[in-house]
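Dear colleague,

I am passing on a structure for you to look through, and below it I have written out what was found. Please keep the sequence and the 3D view open while you read.

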Amino acid sequence: MAAAPLRVLACGDVEGRLEAIFGRVRAIQAKSGRFDMLLCVGNFFGSTSEAEWAEYRTGAKKAPIPTYVLGANSPDTLSYFPDVSGCELAENITYLGRRGVYSGCSGLQIAYLSGTEAQQQPEPAHCFSTKDVAELKTSLLATPNFRGVDILLTSPWPRDVGTFGNSAGEIDTKKCGSRLVADLAASLKPRYHFAALEKTYYERLPYRNHMVLQETPQHVTRFIALADVGNTSKKKYLYAFSIVPMSSMDPAELVKQPQDVTENPYRKLRKEAPKSKAPLSAEEEPACQFFFDLNKHQGRKRPSEGKERGDSQPKQAKKPPQPTGPCWFCLASPEVEKHLVVSIGTHCYLALAKGGLSPDHVLILPIGHYQSVVDLSSEVLEEVTKYKAALKEFFRSKGKRYVLFERNYRSQHLQLQVIPVPLDLCTSEDIKEAFITQAQEQQIELLEIPEHSDLAQVAQPGVPYFYVELDTGEKLFHRIRGRFPLQFGREVLASEALLAQPQRADWRQCAAQRPEEAAQARAFRQAFEPFDFSLRD
């Protein structure tokens with residue numbers, strides 16, 4: 001029999017308005033039935049708390065529901081919290097403590113961190129430090145088969161919580177909040193995370209806690225910031241929800257992903273965190289079931305042409321398929337605009353893009369007819385890799401980084417679009433964020449895949465897809481199942497977030513006259529010559 005859900009109320013800054021919050025709780029319970037607990041984040045006490053508080057402290061009045069509060073966020077209210085390890089402040093009102101985990105008899109796990117992030121050392125009594133966060137993380141992450149906590153309570157918002165999510169209104173989530181709280185949330189993977197202090201209400205779209213295609217599915221997190229009690233703007237300060245403790249839930253039900261789930265806003269923090277090898281639980285499958293064992297192959301080429309398989313006879317190179325009609329990109333085709341070609345290798349060539357986003361926007365193309373990267377033979381793929389390395393070195397010498405994308409959809413010949421972006425304009429993380437954010441706006445699921453994995457491991461030949469690769473090796477992938485915007489890659493790069501040239505999103509609006517194209521190709525060929533391996537091989 002399934003466990004009965006707990007009915008929980010959470011509220012923002014009470015600021016000493018005890019009659020207001022408890023009066024509201026009584027009214028809700030009279031209308032909707034009894035709740036199990038009230039969780040308070042932000043400032044529970046205010047500068048004018050003493051008169052109201054005295055009635056509860058002395059027992060003249062009693063909170064209508066078990067109430068759990070966080071500690072002081074300023075020196076002014078420190079005196080209300082006599083014991084840093086937590087204590088009962090009045091009947092039905094409990095101070096949780098400086099940091100820790102509250103586990104109820106139902107199995108519900110509530111992690112909590114009191115105070116604001118310290119800006120100096122030693123930290124004041126109303127602040128938490130890196131050590132506080134590290135110790136709280138360690139106490140939980142060391143638990144066998146740790147999957148996350150049910151609820152996380154903090155007073156400050158986590159920094160960057162709005163990344164990939166819906167707007168937080170006037171709050172700039174890149175500047176507001178605590179980096180340490182973000183780190184804590186990324187590690188503890190709460191199902192609900194409540195915060196306050198900013199005097200506003202913000203319910204972020206749920207975000208996932210696993211890397212799609214790399215990790216087994218996990219539950220999502222819902223971040224909810226609450227306004228101050230009794231605020232004149234009528235912003236929401238009380239949030240009601242039901243929750244079955246994680247320990248009592250069916251695993252399949254726990255990891256269900258809602259339709260509006262987004263990428264994890266702390267993805268960068270998770271990536272930078274040291275990777276610990278936790279044992280797999282019985283339900284989990286190793287990632288190498290879906291991708292080759294990266295440790296086993298690190299620093300070595302994949303076996304090809306029969307090597308390491310015990311074959312004594314080398315295999316004949318597979319001939320590329322022939323196009324069904326005229327192809328604009330097969331080098332032997334009369335349709336190719338050869339004045340745009342800037343380098344020719346054994347299996348591939350480079351050409352300037354017609355109507356490029358910039359004068360050094362180039363294409364890597366196979367000489368023979370291949371539709372996509374996953375169709376390439378090992379010899380062609382090896383030369384594609386050499387061209388990518390040469391272009392990376394070339395563009396870096398010019399103070400740029402490249403972004404590469406392929407759209408294997410409504411095209412018959414592989415075109416790897418390579419667009420340079422100035423290093424001082426944006427970071428690799430900015431580029432990834434722009435692609436993921438704009439994909440979400442168009443209901444496109446763009447997923448990060450392992451840097452050292454082969455694209456053929458997530459896409460079969462003939463399957464339409466869109467693929468982005470940064471010169472750091474980071475990759476994003478979308479499996480196309482219906483319609484797909486043909487100019488999506490260019491639109492993202494041309495957007496205000498990156499190159500800020502939205503008028504160049506459509507190549508047809510950027511086409512130049514043939515003499516100008518030929519001059520640009522000559523200039524690129526000359527500049528690229530010191531990096532062009534095809535001239536030396």
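**A hairpin and its strands**

In the hairpin formed by strand 22 and strand 23, four residues lie between the strands, and among the residues of this hairpin G473 takes a positive phi near 95°. Before going further, please keep in mind that this is a predicted model.

Strand 22 and strand 23 (residues 475–479) pair in the antiparallel sense over five bridges, and within this pairing E469 stands opposite K475 in strand 23. Strand 22 also has a partner in strand 19 (residues 400–408), with which it pairs in the antiparallel sense over six bridges, and here E406 stands opposite Y467 in strand 22.

Are the residues of strand 22 buried or exposed? Six of the six residues of strand 22 (residues 465–470) are buried, so this strand is largely enclosed by the rest of the structure. In a regular strand, side chains alternate between the two faces of the sheet. In strand 22, Y465, Y467 and E469 point one way while F466, V468 and L470 point the other way, and all of them are buried.

**Aromatic rings**

The structure holds 29 aromatic pairs. One of them is formed by F81 and Y95, a tilted pair at 4.8 Å centre to centre with 55° between the planes. F81 lies in the loop between strand 3 (67–69) and strand 4 (87–90), whereas Y95 lies in strand 5 (residues 93–95), so the pair ties together parts that are 14 residues apart in sequence. F81 counts as buried, because its relative accessibility of 11% is under 20%, and Y95 is buried too, with a relative accessible area of 6%. Both rings also belong to a cluster in which ring pairs link F44, F45, W53, Y80, F81 and Y95. Elsewhere, R7 lies over the face of F35, at 4.1 Å from the ring centre.

**One serine, and the chain as a whole**

S187 lies in helix 4 (residues 179–188) and, at 16% relative accessibility, counts as buried. If its neighbours within four places in sequence are left aside, S187 is in contact with K137, L141 and F146.

Taken as a whole, the chain has 11 helices and 23 strands, and buried residues make up 51% of its 537 residues. Of the contacts in the chain with a separation of 6 or more, 71% are accounted for by residues 24 or more positions apart.

With best wishes

Technical notes
Residues are numbered from 1 along each chain as its sequence is written. This is a predicted model: local features need pLDDT of at least 70, side-chain atom pairs count only at pLDDT 80 or more; totals for chains, interfaces and linings use all residues. Side-chain values use heavy atoms; hydrogens and water are left out. Rings of Phe, Tyr and Trp (its six-membered ring) pair if their centres lie within 6.5 Å; planes under 30 degrees apart count as stacked, over 60 as edge-to-face and the rest as tilted. Helices (H or I, at least four residues) and strands (E, at least two) are DSSP runs, numbered from the N terminus. Buried means under 20% relative accessible area, exposed over 50%, partly exposed in between (1.4 Å probe, protein chains only). A charge sits over a ring if NZ of Lys or CZ of Arg is within 6 Å of the ring centre and within 35 degrees of the ring normal. Two strands pair if DSSP finds at least two bridges between them. Contact means heavy atoms within 4.5 Å.
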